[in-house]
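Thanks for coming. I will go through a few places in this structure, one at a time, and give the cut-offs as the terms come up.

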Amino acid sequence: MADEHDFVVIGGGTAGCVLANRLSADPANSVALLEAGGEARHPFIHIPLMAGLVYFMRSINWGYETEPEPHLDGRRIPWPRGKVLGGTSAINGMMYMRGNRRDYDGWRQLGLEGWDYASVLPYFKRAEGHGSRRDAFHGSDGPLRVNRAQSKNPLYGVFLEACEALGMARNDDFNGAEQEGVGRQDFCIDRGRRVNTGHAFILPVRERPNLRVVLRAQAERLLFEGRRCVGVAYRERGRRRDIRARREVILCAGTINSPQLLQLSGIGAPEHLRSLGIEVVVESPDVGRNLQDHAGVYVQYACTQPVALYGLLRPDRAALACMRAYLFGTGPGTSIALEAGGFGRSREGLDAPDLQITFIPGLTLDVTRARQGRHGFLTHCYQLRPESRGEIRIAAADARTSPAIHAKTLSAETDRRVMRDAVRLARRIMAQAPFDPYRGAEIAPGEDAQADDVIDAWIRANLTTVWHPVGTCRMGADERAVVDAQLRLRGADGLRVVDASVMPLITSSNTAAPTVMIAEKAADMILGKAPLPAGCTSRL
């Protein structure tokens, strides 16, 4: 095929795979998809239990880390991003969460017409292929297979009973009528194996004659003729190539790489670009700004009974679990240890939950290594709507140089207070009677950590990202916004950004499902189709 297509999609990740599928569904459209990584072939990618390991596998990871974080004791925090077909959806925790209705209604209140909850719900449903839920909030025929949690570990039930004892309501569906409460969660797992967007949206259509998938192709610079983006220069296996778009270039490289490529191409803050010798094409000072992320802590306890996941760490048992999961889709390797959790409030008087809580019948890997032979469990809490804002800035005029990630986590005092309250909420849950037969000593932060300043010090030393970065190519109705409500780059023609970077405000949950929704909606915008009819308006 010639190196000219109707549409060129940059980034075969969570959003790019969705777009490439939808745009190429019409055989009249020629579509090229460029992905810097390779095929998702490593067996661990497909085994849900191995999610914690694939996050850090160098062969499928960009391997980013932040600049030293002033409010986290100067630590550099790892920020893994998937460098593989399917992107971060191929290495994440697979949790299917859409967020709160108020998130999207809040986007609409910013002037973003068509992004309210009722308008985006049909696009969530179009993508979703839920294995059992059949109601106004869910889809059953979409490519993205979703199923309920299935693990039978008894500690999940104990956790839910403890939450109920504390006064938290049970919730059977966090993506339904209500978000608040606790229950068992849904995952992008089907027949015991991970479902990522490469598997769901590209593999079934890979042989379309009008779809070209180019792997090991790292974009280096967008190509312009005047103010119109006409293509992209990329490097494929060491060779520099150009590819042109007759209609549009669509940037789906993610919250880190999308602003990086824009800046490398002369779109960003003029003074910064000129300092690196980059000619300014479009003055857009907010490119890379508005960075938001979820960050959390693990409150951990010893378990007095051998019912936690520690037993699976024995090499022979782990190998057997992986083999069963990969070959037959059965056994403990077919689930990830995040199956119970929910949404709660750090204090009274809030109009919506501000914390996400996940229970794990095991300890973190670093604690497990330090305390061999120890069964345990933990509650992971993170703040849903942080006020802290960071920034992505290229450090050199070279795509091979990682951009500088200034996350600025906990730079807002409100965020520090919410995380302190989260630690205390986790402790109250663990203190309830259902945990009495299982609860051992508090491992982290430790029973001596009671005063505010002591808890704050522990949080600074231990808090880490939940790897939900968004917002660096902000969508908005104002002139400083990087893209408009149609996701078109302001100041240029023929170029859109479609990924988590366009979120003006972070969603109150995991960000993979919202990113898929954004891509589904963008496909209709790009093709000039009428929006899907508004969905259910019941409260979420």
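In strand β19, Leu355, Ile357 and Phe359 point one way, Gln356, Thr358 and Ile360 point the other way, and all are buried. Buried means under 20% relative accessible area, exposed means over 50%, and partly exposed is in between, with a 1.4 Å probe and protein chains only. Strand β19 covers residues 355-360 and is mostly covered, with six of its six residues buried. As for the names, helices (H or I, at least four residues) and strands (E, at least two) are DSSP runs, numbered from the N terminus.

Before going on, this is a predicted model: local features need pLDDT of at least 70, side-chain atom pairs count only at pLDDT 80 or more, and totals for chains, interfaces and linings use all residues. Residues are numbered from 1 along each chain as its sequence is written, and side-chain values use heavy atoms, with hydrogens and water left out.

Which strands pair with β19? Strand β18, residues 340-344, pairs with β19 in the antiparallel sense over five bridges. Two strands pair if DSSP finds at least two bridges between them. Within β19, phenylalanine 359 is the bridge partner of alanine 340. Strand β20, residues 376-383, is also antiparallel to β19, and six bridges join them. There, threonine 358 stands opposite histidine 380 of β20.

Strand β2, residues 31-34, runs parallel to β11, and four bridges join the two. Leucine 34 stands opposite valine 214 in β11.

β5 and β6 (residues 144-148) run parallel and are joined by three bridges. Glycine 129 has arginine 145 in β6 as its bridge partner.

How do the axes of α4 and α5 cross? The axes of helix α4 (residues 101-109) and helix α5 (residues 117-127) come within 8 Å and cross at roughly 120 degrees. Axes here are lines fitted to C-alpha atoms, for helices over the stretch in contact, and angles run from 0 to 180 degrees between N-to-C directions. That makes α4 oblique to α5. Angles under 35 degrees count as roughly parallel, over 145 as roughly antiparallel, 65 to 115 as roughly perpendicular, and the rest as oblique. Arg101, Tyr104 and Asp105 in α4 meet Tyr117, Val120 and Phe124 in α5, where contact means heavy atoms within 4.5 Å.

Last, is asparagine 257 buried or exposed? Its relative accessibility is 9%, so asparagine 257 counts as buried. Asparagine 257 lies in helix α8, residues 254-264. Not counting residues up to four places away in sequence, asparagine 257 touches Trp62 and Tyr64. The side chains of asparagine 257 and tyrosine 64 are joined by a polar contact of 3.0 Å. A polar contact is a pair of N or O atoms within 3.5 Å; within protein, one must be able to donate a hydrogen and the other to accept it, and residues adjacent in sequence count only if both atoms are side-chain atoms.
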